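Student: Could you walk me through this one? I'd like to start with a helix and then move on to the rings.

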Amino acid sequence: MNIDDGQSSKAKLLFLLREKQGSSVSGSILAKDMGVSRVAVWKNVQSLVEAGYSIETGETGYSLDPKNEKDFIYPWEFGEKEALFHHYLNTDSTMNRARELALRGENAGTVITAEKQSAGMGRNGRTWVSRQGGLFFTILERPRLTIADYTLLSLVMQIAVVRTVSSICGTQAYLRWPNDIYINRKKIAGITTEISGEGDLITWMSCGVGVNVNNPSPSLKAASCADITGRQFSRRETLIKILEQTEIVKKSFNSTAAYFQGSRILAAEWNSLTDCINAKTAVFEPENKKENNSIDVPGRILARGTFKGIDPAGRCILQTEDGKGDLYFNHGSVSLAFLNH
């Protein structure tokens, strides 16, 4: 990260202290390099200490021990993109905060993060268990898409997350329709979306992501990156990688000459990243609310058959048991249970 005028004083101060690798830096030098007064330097140091940073104050100045750094995801940890980030120590759900920001006119690309969520959102009113050490965030988007095509942006995010999780864990992660990510048949991440539109066009859309990074697994049916690898990970670096992959996947979709061809590319990529093609499947309407890591079949079964992946619209393709043809299901309120997975 390079220091620039677009960064906050906290970001500049941390950059300068980290650059010295634990060595002490005088307040006068910091004030000069930051373009502020020594009193402002002191105030920023105190603010960062209150936020949890281990900054030592000595006779020769200030120092930050690189070996004692914590896993922070404050906005000032994201360099020139700092202004796009909103961070909460505790909130009910980053999706709720995203909705408020969207209605206030916040720009596309805004990211809302939280240390803890008291009511993290899953699909269909389910709760996403949000324990300390996990990565919980929502991205606000304003895509030029029709409401009917909202699933395409969800596919982009799912592909970005599965690529990132696979990379940092060194183990292939897989997608499960409509929005879950598994490693070793245990849930490690999930995605939920909310849209608002006018006419047939999307006004704004939020994509909420929960990744079990360093947090204790919520159940025996779940896993975290730390569980799989036996080591801790930087949530900041994980989030940065997800955002980078999101832009990469978007470009592959947007660079195609024809819109439909772009959606076919997304669907093909999604299908290559699922481990449930040809799995025996039940499509059901949930009747009760389960926590994020439940994969029971609690509800009215609508159909049984074989999962054949998704089509360019993101719909589930179910080959019926009687062989009379395929059924297509939108995200909506239906869920899948993979009976032999």
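**Helices and rings**

Student: Which residues of α4 are buried?

Tutor: In α4, Thr94, Met95, Asn96, Arg97, Ala98, Leu101 and Ala102 are buried, where buried means under 20% relative accessible area with a 1.4 Å probe, protein chains only. Seven of the 10 residues of this helix (residues 94-103) are buried, so α4 is largely enclosed by the rest of the structure. Helices here are DSSP runs of H or I with at least four residues, and strands are runs of E with at least two, numbered from the N terminus.

Student: Where do these numbers come from?

Tutor: This is a predicted model, in which local features need pLDDT of at least 70 and side-chain atom pairs count only at pLDDT 80 or more, while totals for chains, interfaces and linings use all residues. Residues are numbered from 1 along each chain as its sequence is written, and side-chain values use heavy atoms, leaving out hydrogens and water.

Student: OK, and what comes just after α4?

Tutor: Gly105 follows, with a positive phi of about 90°.

Student: Switching to rings, how are Phe307 and Phe338 arranged?

Tutor: They form an edge-to-face aromatic pair, 5.4 Å centre to centre with 75° between the planes; rings of Phe, Tyr and Trp (its six-membered ring) pair if their centres lie within 6.5 Å, and planes under 30 degrees apart count as stacked, over 60 as edge-to-face and the rest as tilted.

Student: And where do those two sit in the chain?

Tutor: Phe307 is in strand β13 (residues 299-310) and Phe338 in strand β16 (residues 335-338), 31 residues apart, and both Phe307 and Phe338 are buried.

Note on methods:
Buried means under 20% relative accessible area, exposed over 50%, partly exposed in between (1.4 Å probe, protein chains only).
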